[in-house]
Amino acid sequence: MRTIVFSLLLPFWVTSLAGNALALQYQSSPHNHTLAVASTNENFYTDASYLIQQQLDLIVRIEQALVSPDANQMRAVRGQLIIQNKTVEAFLKRHYPSSQNLCQQQATFPLSSQWSQSQTKIYCALSASSQELFKLSPVLDQLLSRRGEVGLVRPLPLVSGERKSDPILTIAPTQLPNLGKPATPLSTREPNLSLPQSTTVTSPSALPIIGVIGKTAIANYQPPMQPAIAPPDATLNILANAKQSLTAAQIAFPPETKFRDAQKTNIALDRFTYGLDPQEAETYAKFLRLPRTGIFRALPASAYQRLLNTVSNRLQASVSERYAFPRLGNTQAGLNPSLTLEIVDEKFQLRHQGVDYSFMVNLGDVPLEKLDDRLKAVPSSTREFFLNYQPPQQLAALQVDRRRFITGKDQNWQQNQVIWASTTAQLNHTYLVRSLQFQLPEIILNGQIANIEKSSYLDQLKQVRSSDMIIAFRPVRKRSDGSYTVIWRILKELPAPQIKE
């Protein structure tokens, strides 16, 4: 009897167990659904943040290409723009078939019940930015054709990977471009000459004679004029609109999502290459509180020079403009001279213009704080020469003295050592320099004295502003590129020298 009853109740019991299992499964499904949504959201933010960072970096590269004369740089960003646009388009279509329809009504129509308002905002901002950047495609094509006027644009390799021989010399393979390197300039026969107004003197023969029209190595030679490249205003507006959309998208991300600013990174790298480290001024803060002191980074002369057979945008600020030499303050004659210190062949020297000149000595390991305007800590013979040297008052004689300091020859200073315009650079040594600077009229600098009357010439000389200073400087840090961190101090300002004839 029990067996009969059990056999009758068994189906009902199995059904009950199945129902309980189904109920448990139904109860657990919201939890699994939440995990799936969270995983989807996490993937969305990860993918979107990556694309936005790529978009921001691309905008910076485009901005650099717009002011660069390099054709390869323009070709590179043109290809990167196509790839980025296709990548963003695939992301947008994967999450919604029509981004345009969605973003037009995003204020009242969310993407889906699984998407938050911030996700919709990120989605639409990324779409708007991509559409703005795509407008640059024809503009970059036009600018690339203009870059082809100054640089060689080689054909890119075929998509299939097959080799293509030279159309003229079929034996020689075609040289393919490397878009990571600058394009070869069309003008590659620039001679290595010292220009008449060269400001860095590496040899006495390179010194121009002011007031005299001298011969040049190549008659009537003029160095190639560098192109002036300004980005179109319409292009800058497109980039600004794209950045504005990306900025709005960044705000919608969770707080833990961080984005890097490639523009700030480039500025920091430029400062690292040519400028001071932020903590250096703090290290020497006590010394810098003294009057007429300063700190700066003395660079090798090559940092200020354009390499031969290269192209640069003459509208872009040069190294000497971005990191100007320290100003020494207004003098009695109204001139504001500079400490134009640079390194040439492991030697310190001042970078001069016109008839400016200087001379310096190495005092050894003497603290700058111990030096005063009377130069008591300086050996007597050197002290007397630095304090009592009188510059000539004739333009020609002034340049003779300048050559004496550069060559070390024909010096009748009654000194037991040769006084040079440059001296070997040594770390933690103090240098004493006397710098004479003149602001000559253009008519004298250009050698047009013969074309004016003597009375007018004398009037021009009266307008010359000048300065004469004794300065001490000390290199306190040397970098691997040969540059030095230098602290300096003005010890004495002498009467401004006069040029009377």
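In which loop does Gln-316 lie, between which strand and which helix?

Reply: Gln-316 sits in the loop that runs between strand S1 (293–298) and helix H10 (319–322). Keep in mind that the model is predicted. The relative accessibility of Gln-316 is 40%. That lies between the 20% and 50% cut-offs, so Gln-316 counts as partly exposed.

Next, its surroundings. Leaving out residues up to four places away in sequence, Gln-316 touches Val-67 and Glu-321. Ser-68 is 248 residues from Gln-316 in sequence. In space, the C-alpha atoms of Gln-316 and Ser-68 are 9.0 Å apart.

Now step back to the chain. It has 501 residues, of which 39% count as buried. It contains 14 helices and 8 strands. Take the contacts between residues at least 6 apart in sequence: 76% of them join residues at least 24 apart.

Asn-72 belongs to helix H2. Its relative accessibility is 5%, which is under 20%, so Asn-72 counts as buried. Beyond its neighbours within four places in sequence, Asn-72 is in contact with Asn-178, Leu-179, Lys-181, Pro-182 and Ala-183. Asn-416 is in a loop, between helix H12 (395–407) and strand S5 (422–424). Its relative accessible area is 69%, which is over 50%, so Asn-416 is exposed. Thr-382 is 34 residues from Asn-416 in sequence, and the two C-alpha atoms are 9.3 Å apart.

Helix H2 leads on to the helix packing. H2 covers residues 71–95, and H4 covers residues 117–134. Their axes come within 10 Å and cross at roughly 150 degrees. That angle is over 145 degrees, so H2 is roughly antiparallel to H4. The crossing is left-handed. From H2, the residues in this contact are Leu-81, Asn-85, Val-88, Phe-91, Leu-92 and His-95. They meet Tyr-123, Leu-126, Ser-127, Ser-130, Leu-133 and Phe-134 in H4. By class, the contact has 8 nonpolar residues, 4 polar and no charged.

H2 also packs against helix H5 (136–147). Here the angle is about 160 degrees, with the axes 9 Å apart. H2 and H5 are therefore roughly antiparallel to each other. Their crossing is left-handed. H2 brings Ala-71, Met-74, Arg-75, Val-77, Arg-78 and Leu-81 to the contact. H5 brings Leu-136, Ser-137, Leu-140, Asp-141, Leu-143, Leu-144 and Arg-147. This contact divides into 8 nonpolar, 1 polar and 4 charged residues.

On the H4 side are Lys-121, Ile-122, Ala-125, Leu-126, Ala-128, Ser-129, Glu-132 and Leu-133. On the H6 side are Ile-238, Leu-239, Asn-241, Ala-242, Ser-245, Leu-246, Ala-248 and Ala-249. The classes here are 11 nonpolar, 3 polar and 2 charged.

In soluble globular proteins, nonpolar side chains tend to be buried together. The largest nonpolar core here has 38 residues. Phe-44, Ile-52, Ile-122 and Leu-136 have the most contacts inside this core. H1 gives the most, with 11 residues.

Ile-122 shows how the pieces meet. Not counting residues up to four places away in sequence, Ile-122 touches Phe-44, Tyr-45, Ala-48, Ile-52, Ala-249, Ala-252 and Phe-253. A second, separate core has 35 residues, including Phe-287, Tyr-357, Leu-363 and Leu-436.

Notes: Residues are numbered from 1 along each chain as its sequence is written. This is a predicted model: local features need pLDDT of at least 70, side-chain atom pairs count only at pLDDT 80 or more; totals for chains, interfaces and linings use all residues. Side-chain values use heavy atoms; hydrogens and water are left out. Axes are lines fitted to C-alpha atoms, for helices over the stretch in contact, and angles run from 0 to 180 degrees between N-to-C directions. Helices (H or I, at least four residues) and strands (E, at least two) are DSSP runs, numbered from the N terminus. Angles under 35 degrees count as roughly parallel, over 145 as roughly antiparallel, 65 to 115 as roughly perpendicular and the rest as oblique. A crossing is left-handed if the near helix is turned anticlockwise from the far one by less than a right angle, and right-handed if clockwise. Contact means heavy atoms within 4.5 Å. Ala, Val, Leu, Ile, Met, Phe, Trp, Tyr, Cys and Pro count as nonpolar, Asp, Glu, Lys and Arg as charged, and the others, Gly among them, as polar. Buried means under 20% relative accessible area, exposed over 50%, partly exposed in between (1.4 Å probe, protein chains only). A nonpolar core is a set of buried Ala, Val, Leu, Ile, Met, Phe, Trp, Tyr and Cys residues joined through side-chain atoms within 4.5 Å.
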